[in-house]
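I opened this notebook to record what I looked up about strand pairing and chain contacts, entry by entry.

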Amino acid sequence: MDQETVRTICYLARLQIDEDKAQKIENDLETIIEMIGGLQAFNTENIQPLYSPLEKTAFMHEDIENSDNQKEKFLQNAAVSNEDYFLVPRVVE
Amino acid sequence: MAWETVIGIETHVQLSTKTKLFSRASTEFGKSPNTNVNLIDCGLPGVLPSVNKEAFYKAIRFGLAVGAQINQMSIFDRKNYFYADLPKGYQITQMDVPIVLGGTIDIETDKGIKTINITRAHLEEDAGKSIHDQFDGYSAIDLNRAGTPLLEIVSEPEISNAKEAVAYMKAMHQLVTYLDVSDGNMSQGSLRCDANVSVRKIGDPELGTRTEIKNINSFRFVEKAINFEVKRQIKQLENGEVVTQETRLYDSVKDETRPMRSKEFANDYRYFPEPDLLPVVISDKEMQDIKDNFPELAEEKEKRYTKDFGLSEYDAQILASSKIMADFFEQSTKETKNYALLANWLIGEIGAFLNKDAIEINQSKLTPSNLAMLINRIDDQTISGKIGKSIFEEMYASGASPDKIIESQGLQQISDDGEIEKIINSVIQENPDQVTAYLAGKDKLFGFFVGQVMKLTQGKANPQTVNTILKERLKE
Amino acid sequence: MSIQFKTIRELREMLDKKAISSEELTNETHKLAENLKDLNCFVTMNKDASIEKSKIIDQADKADSVLSGIPLAQKDLFCTEGLRTTCSSKILSNFIPPYTATAVKKLESAGSITIGKTNMDEFAMGSSNETSYFGNVHNPWKKGYVPGGSSGGSAAAVAAGIVPAATGTDTGGSIRQPAAHCGITGIKPTYGRVSRWGMIAFASSLDQAGPLARSAEDCAILLNEMSGHDSKDTTSLDIECTDLLDTINQPIKGLKIGIVKEFDLGDLDSEVQNRFEDSKKLYETLGAEFIEISLPNISASVPTYYSIAPAECSSNLSRFDGVRFGHRAENTEDLNDLYIKSRSEGFGDEVKRRILIGTYALSAGYYDAYYKKAQQVRRLIKNDFESAFKSVDLMMTPTSPGTAFAFGSKGAQNPIELYLEDLFTISSNLAGLPAISIPHGKVNSLPAGLQLIGNFLREDQILNAAHIFQKNSEFHLDKPSMEEF
């Protein structure tokens, strides 16, 4: 797993690895990827992927409102907010 | 050097369901920030999405109307990326198996009808809104819109210029409002589009590099943005430069497109099937219900208006071209039988007022009942058409009913022969010179006498009666 | 009088006979928890609210349900309204949910009293409860030894006799393996039996909530309440849930139990093998019949799981971005910086590892080879089970290849060492099948667990087989001395 790939994966996941841990994590990732690579040995020709153990379909709900306004509770949980909005560092488009 | 333009449009249509795609929070527009948000929309830990069936029914109606294939079994996928108004860090959308596949939309061009093919249409949830310029140093996040159902409709790259693009968007607008799939309100964000634009030399089989102009939210901007972008690309190519594939925004103030910053880094969305939702299956019975309850589209309405209401084809077409106007018209016909006069007013006088204010009739203070009443009062001669116009202005401004206005301002037309005769007599008496001149042959003065009568009656005299009696009196 | 190590039935009797009031019981439980805090099995105690509830329960003439007034511990993965829920992570160390998970709500509605939230592996990722932001949990049988994970806190709280039962979650073995290492009983239900609403998601297609208790019977009591369709969880099954206690005493003569050919137990510690053989013999005396079955693709379980679970978790954990709740880093330059710093500061190493693996497995160019491939192999594994269940009623394996081990002694060099703890448990999560772990003796003085895997929605059968075993043995009655705590 090259440096470039690790950097890309870290960015996609918005994670940064401390310098002193970087090598160990990279080694761990390589070990794990090698382990899961063992799946290539299994023949899956014409096998449909099983994305959920349930062989059933979605239950859908009616278009009727059923919701409490919990604005205060939600905003309270945020680290930075005012009485109307969640706030983040200003984004420039 | 002759260039041709290739345009593909992705339209995002906000569905007019009462609640969101995956939660039971309201989709009502204009509520104060973060009040149409529940646990699911906020993306709190431990929450799970649940599917709104009405969103599917609306998507299917659209698909049927454009002659598309409906995938009765469709699947939701996750599109993973980070942005402040995307609470879960992923959007639930449909990637591999969308609800609608194929279909066509016809547009009117100056060369006749052109058919644009649709690639696909799928359901996905809308993101929240970020406000970047209200709080110093911060962007504010409002999640009211997060989770609203969107139908993303992708056209084949078959549109050839900005005008066709506008025609396409207008046709889309008419279709989705007619189908009661969306309120199509572009200023509120119910209908927006991304335009993929590229140019190539005529005859070149290869497509040029395309740019994507995102989130255009008015027909005018569609035209301007595309025109600017086409010019920009041609200029670059003529200078020997290369067009960069990128995402751009249209700045309506500067009338230009510019690259979008947040899309600088290519994103890998890592799509995979949404494990919290299972495949959605629409039953044959549900499909039949949708087909049985299909709303009437514009062409059918036109035919019905000419047949049932005796309107001219021209009038019928204009009224039927907007569902909002058509609905208003039909509501009014419940209370008045003078359909021709009603149509005239809607297309003429009222249309002018609405255009000036750039609003739809259902955003004005007029009601079908009040309009019907106005038509009836003109029809039964309580007021003249001319007085009707000033009453209408009052109705438009205040929303008051015609009867109330007539009452409070005493505007009833004077039709009583006796009364009018009295007034005519006094006009004749007080203007002997004009009478003499008229009788000597100055026919134009007839208008003067009518004018005087109207002045004395504050315009309320019944014009036909005035004409008849005046002619008689003057003869004598 | 001592309430330590009492079962639900025993406490029910004490309460019904008014030998103890609910308030007294609740207070005693809190005292026990306090005295044994070195175990580190609780993250947050629910003292005031639990005592309030116990007073209300005492006011009623008689209990209207078997769980009325019974103290339970809830794994800190379940959202509990007004009560801090952390998933043992720094990123949620100050999170107070505005709602309660359905599974917990059902237990509380049945009258149980939530004593506190138990420690766990961070975001349920781990098999030893060594990745918690709040520190390791000790195995009540031996200080300095792991209780197993990720439901280590719940298992320790039950094993130490503080509460008669607790909730856990199981994605790859996180209920069963700690139950085995702590000498208690734990069951993972069929996928979809218990609602996942309010259960903070790790791997959506694998996670299931379930009980840990001192016996199969007590597990059945809890599972009865926890089960049932929830319209808020599209993946919850809409089925008639029968009372799991109805058939729990049925004799098991003629029960066909499968031994998986491909699980070569010859590689395991001889004592582990001996325990397994002893249990086999016990079942034979009780009338069960053993049949060898084949699950040809079973060796793919671990790589399949470690492709799917990290992939799903990498997406599920994206919502922890510091914006609307949880830890937010200070002094950030822009939005991306906010994300990167908040997440990097907030998540531990194992969580980061799994998110990175998952991101990799889903990324363009690798999706087909890893994630999609794994889901295809998953179907092969499920098909294997379906075939095998044509000739047997349930299957039996050791729960874990080994027993509890000393802190830091596994996985430090090679993470796969710890992943292999789940060798026998993972496949039932992949196939969505129910499985239970019961204690069946000691290996080197530490508890060892026996696993029974049942067919789809046949919790009744594995609970029955487990209960009959427990009626005819005393392993589940063993208690740790607790001298070290």
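Predicted model: local features only at pLDDT ≥ 70, side-chain atom pairs only at ≥ 80, totals over all residues.

I then traced the whole sheet, which is open and made of 3 strands in the order E6-E5-E17 of chain B, with antiparallel pairing. Its edges are strand E6 (90-93) and strand E17 (272-273) of chain B, each of which pairs on one side only.

**Entry on what packs there.** Which helix packs on this sheet? I found helix H9 (residues 301-316) of chain C, which touches E5, E6 and E17 of chain B, and whose direction makes about 65° with that of E5(B).

**Entry on the interface of chains B and C.** I next looked up the contact between the two chains, where 30 residues of chain B meet 36 residues of chain C. The area buried between them is about 2700 Å², and carbon and sulfur atoms give 61% of that area. On the chain B side, Pro45(B), Leu48(B) and Phe82(B) lose the most area to chain C, together 23% of what that side buries.

For charged pairs I found a count of 1 salt bridge between chain B and chain C; Asp276(B) forms a salt bridge with Arg196(C), and the closest N and O atoms are 3.0 Å apart. For polar contacts across this interface, the rule finds 18 residue pairs, both residues being at pLDDT 80 or more. I also noted that E5 and E17 of chain B each supply at least two residues of the side that touches chain C, and that this side of chain B has 20 nonpolar, 5 polar and 5 charged residues.

**Entry on the sheet of chain C.** Finally I followed the open sheet of 11 strands in chain C, whose order is E1-E3-E2-E4-E6-E5-E10-E11-E9-E7-E8 and whose pairing is mixed. Strand E1 (42-45) and strand E8 (289-293) of chain C are the edge strands, each pairing on one side only, and neighbouring strands are turned by 30° against each other on average, direction ignored. Within this sheet I checked strand E5 (residues 185-188) and strand E6 (residues 208-213) of chain C, which pair in the antiparallel sense over 2 bridges, with Thr185(C) opposite Ala213(C) in E6(C).

Methods. Residues numbered from 1 in each chain as written. Chains lettered and ligands numbered in written order. Heavy atoms only, no water. Pairing = 2+ DSSP bridges. Helix = DSSP H or I, 4+ residues; strand = E, 2+ residues; numbered from the N terminus. Contact = heavy atoms within 4.5 Å. Axes fitted to C-alpha atoms, helices over the stretch in contact; angles between N-to-C directions. Buried area = accessible area lost by both parts, 1.4 Å probe. Salt bridge = Lys/Arg side-chain N within 4 Å of Asp/Glu carboxyl O. Polar contact = N/O pair within 3.5 Å; in protein donor to acceptor, adjacent residues only side chain to side chain. Nonpolar A, V, L, I, M, F, W, Y, C, P; charged D, E, K, R; others polar.
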